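Here is a chain to read, one question at a time. Start by looking at the sequence and the model.

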Amino acid sequence: MASIINVDKIDEATSGNGVQIPGHVIQVLNTTFNTQAATTSQTPSATGLQQAITPKFANSKLLVHIDTCVYNNTASKGVDLYLYRDGSAVTLVSGTTGGRFAYVHSYNTGGQSITSSSFSFLADAGSTSATTFQLYFANGIAGGTAYVNVNGASDTSAITVMEVAQ
């Protein structure tokens, strides 16, 4: 026979301990960004899009999701995207170019192509100290200019970080 518990509210008994149910989202933080960032360099630089989170539990997972608008103003060029955690590149796959998460080719002959690019990353919280995830970018191949939010306020990029209980 199955037991059923009916409740209207679950609250922590001791402040700061929280309720931790494996697989459930503990907190969600989101930042949107609509300022143009541009670079001609092949060295990663910050776009300005970032989100800090202070995990409630050290054994949690942090799911980072980024949606961004990218563009390169030169044919056959693209934009390299990088995820940084507390100022250091997070390497998605060993052997990728300097920790690059994605290479987005976004140009057409009319020069009007703006590509929306999304990627996610699952990290261990590791502690209950604050951590900041940042989007960096670089010009994919020498020449031209790489942009995030080329149209400024008309384009919006976003970063969402979710803490998931384990």
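Reading the chain

Me: Is Ile-5 buried or exposed?
Reply: This is a predicted model, in which local features need pLDDT of at least 70 and side-chain atom pairs count only at pLDDT 80 or more, while totals for chains, interfaces and linings use all residues. Residues are numbered from 1 along each chain as its sequence is written, and side-chain values use heavy atoms, with hydrogens and water left out. Buried means under 20% relative accessible area, exposed over 50%, and partly exposed in between (1.4 Å probe, protein chains only). Ile-5 has a relative accessible area of 75%, so Ile-5 is exposed.

Me: How many helices and strands does the chain have?
Reply: Both are DSSP runs numbered from the N terminus: helices are H or I, at least four residues, and strands are E, at least two. From the N terminus on, the order is β-β-β-β-β-β-β-β-β-β-β. The count is 0 helices and 11 strands.

Me: What share of the chain is buried?
Reply: The chain exposes about 8800 Å², of which carbon and sulfur atoms supply 49% (Shrake-Rupley method, 1.4 Å probe; for residues, only the protein chains shown count as cover). The chain has 166 residues, and the buried share of them is 39%.

Me: Which residues does His-65 touch beyond its sequence neighbours?
Reply: His-65 lies in strand S4 and has a relative accessible area of 27%, so it is partly exposed. Contact means heavy atoms within 4.5 Å. With neighbours within four places left aside, His-65 is in contact with Ser-118, Phe-119, Ser-120, Ala-158, Ile-159 and Thr-160.

Me: What percentage of contacts between residues at least 6 apart joins residues at least 24 apart?
Reply: Ile-66 gives examples of its own contacts: with residues up to four places away not counted, it touches Leu-49, Leu-83 and Leu-135, among others. For the chain, contacts are taken between residues at least 6 apart in sequence, and the share that joins residues at least 24 apart is 82%.

Me: Which aromatic pair is stacked?
Reply: Rings of Phe, Tyr and Trp (its six-membered ring) pair if their centres lie within 6.5 Å; planes under 30 degrees apart count as stacked, over 60 as edge-to-face and the rest as tilted. The whole structure holds 2 aromatic pairs. Tyr-71 and Tyr-147 have ring centres 5.8 Å apart and planes at 35°, so that pair is tilted. With 3.6 Å centre to centre and 10° between the planes, the stacked pair is Tyr-84 and Tyr-136.

Me: Which residue forms a salt bridge with Asp-124?
Reply: Side chains of opposite charge can pair when their charged atoms come close. A salt bridge is a side-chain nitrogen of Lys or Arg within 4 Å of a carboxyl oxygen of Asp or Glu, and the structure holds 1. Asp-124 in strand S8 and its partner in strand S4 are 63 residues apart. The closest N and O atoms are 2.4 Å apart, and the partner is Lys-61.

Me: What accessible area does the nonpolar patch with Ile-5 have?
Reply: Patches are made of residues with over 30% relative accessible area and no salt bridge: like charges are joined within 9 Å, nonpolar side chains (Val, Leu, Ile, Met, Phe, Trp, Tyr) within 5 Å. Ile-5 lies in the segment before strand S1 (25-33). Together Ile-5, Val-7, Ile-10, Val-19 and Ile-21 have an accessible area of about 500 Å².

Me: Is Asn-149 buried or exposed?
Reply: Asn-149 lies in the loop between S10 and S11, and its phi is positive, about 55°, although it is not a glycine. Its relative accessible area is 0%, so Asn-149 is buried.
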